[in-house]
Amino acid sequence: MTQEFWDRKTETMPLRELKELQCKRLKKLVKYVYTTNQFYHKKISDAKVKPESIKTLKDIKKLPFLTKQDLRAYYPFGLVCTPLENIVEVHASSGTTGKPVVGPYTKNDVELWGEMMARSLYANGLRKHDVMQNAYGYGLFTGAHGFEKGAQKIGAMVITIGSGNTERQIDIMKDFGSTALACTPSYSLHIAEVAEEKGFNPAKDFKLRLGVFGAEAWSEEMRKNIEKRWGIVAHEHYGLTELIGPGVVSECEYKKLHINADHFYPELIDPNTGETLEFGEEGELVYTTLTKEAFPAIRFRTKDLASITEETCDCGRTLPIQSRIKGRSDDMMKVKGVIVFPSQIEAALMQVSGVSDNYQIVKTKQGDIYSLSVDVEPSEDRYKEGHLDDFEKRAENEIYRILNLHVPVHAIPPKTIPRSTGKAKRVIER
Ligand SMILES: [Zn+2]
């Protein structure tokens, strides 16, 4: 155990002091948005709240939620709380389901982002002597930029390769001696696959020791596969464009997801009623950015389902702990009355011997009724062995064991499912 911290004072702050700090920052934030932005002013006034109404952390409940619809309605800069000339950087989500979400940053916001990412990556084990291959997509997307800022702040060497051109990723990884890989978990698997095709053993032929992954839901079983295949330790990152990008939550050496709660205040709510839940229960994550200037989010509904605890961690950090994301409430499927998350199907498939990491959940809608099936690629060796009905049966049994639901599984030839250099498409509708 190393017991090392990027910011020992904050990361090990007694919980009582953390709450005092959060409360002080919340009061200041509410006053700030109320006096600088018309939308927030109206929203808060409509809820019959004044900045003075916020006296304790519990009073946050009086404030209305911020939703994705709000962000779309005020696209692109309607929620900015500072003169536009103070904005020095801007990012945006892909906007595949509507207008993109815009993330503007002041100089101080950029500084905060770098600090949060440095803290997170340092907790993952990234150090000055590391060489981080940054295979997140550069561009408007926050991912690559956040990882770059944090790694440079630590003093590591950043290879700004971006996503795609997978053969080149492998050459660069070998030639530059990359020790850390930053990308989506599924892209790391695709890089490993191409490396194998080129005759490499990913676990032995590279200097890679650390994976810093995010931007995608992935199961613990998938993490184990990635760690084994690359011979690395793989860590999860959680963040959202609406909040700052990556840098909100990441893991310590014990793989506990610590929330950078001095700047991002977490709440849990019942996704159906909006009622606040106690920590320890499972619900929808709601976040408030306590210190951002350009676009502060107050009680943003993430639609991500998880739980939060304030238990002490063996690493010494007192920052609250978030569970892995169970799924987005949008991804939840109801099949024959059973609630199904794609991550549960992934976890079941990974139990089957001879399975590869490539699968797709196929949703078919007939009238109002959904049915599910799964296409999965066995490994090359398992595929050549034949008797694929055994393989399918075993996968169906594993899914049944977890979900109590019969989901037909089809074994399909290796390399049938399109590979992704960013977020993998794990659920398709036919
Ligand atoms: Zn910890």
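Predicted model: local features only at pLDDT ≥ 70, side-chain atom pairs only at ≥ 80, totals over all residues.
Residues are numbered from 1 along each chain as its sequence is written, and side-chain values use heavy atoms, with hydrogens and water left out.

**Exercise 1. Find the cavities and describe the lining of the largest cavity.**

Start with the terms: on a 1 Å grid over the protein atoms alone, a cavity is a set of points where a 1.4 Å probe fits but cannot get out, and lining residues have an atom within 4 Å of a point. Grid points are joined across faces, edges and corners, and a volume is the space filled by probe spheres set on the points.

Step 1: there are 4 cavities of 30 Å³ or more, and the largest holds about 100 Å³.

Step 2: its lining has 13 residues, with Leu71, Pro76, Leu79, Val102 and Phe295 nearest the centre.

Step 3: sort that lining and you get 12 nonpolar, 1 polar and no charged. Here Ala, Val, Leu, Ile, Met, Phe, Trp, Tyr, Cys and Pro count as nonpolar, Asp, Glu, Lys and Arg as charged, and the others, Gly among them, as polar.

**Exercise 2. Which element gives the most to the lining of the second largest cavity?**

Step 1: this cavity has a volume of about 60 Å³, and its lining includes Glu11, Arg119, His258 and Arg317.

Step 2: α5 (107-124) and β8 (245-251) each give two or more residues; helices (H or I, at least four residues) and strands (E, at least two) are DSSP runs, numbered from the N terminus.

Step 3: α5 takes it, with 3 residues.

Step 4: the lining splits into 3 nonpolar, 4 polar and 4 charged.

**Exercise 3. Work out what lines the second largest pocket.**

Step 1: a pocket is an open set with protein on both sides within 12 Å along at least five of seven lines, and this one has about 790 Å³ of space.

Step 2: of its 34 lining residues, Glu193, Arg229, Ser356, Asp357 and Asn358 are closest to the centre.

Step 3: among the elements giving two or more residues are α8 (185-197) and β17 (355-366).

Step 4: the count is 10 nonpolar, 10 polar and 14 charged.

**Exercise 4. Where is Leu84 placed?**

Leu84 sits in the loop between α4 (68-73) and β1 (87-92).
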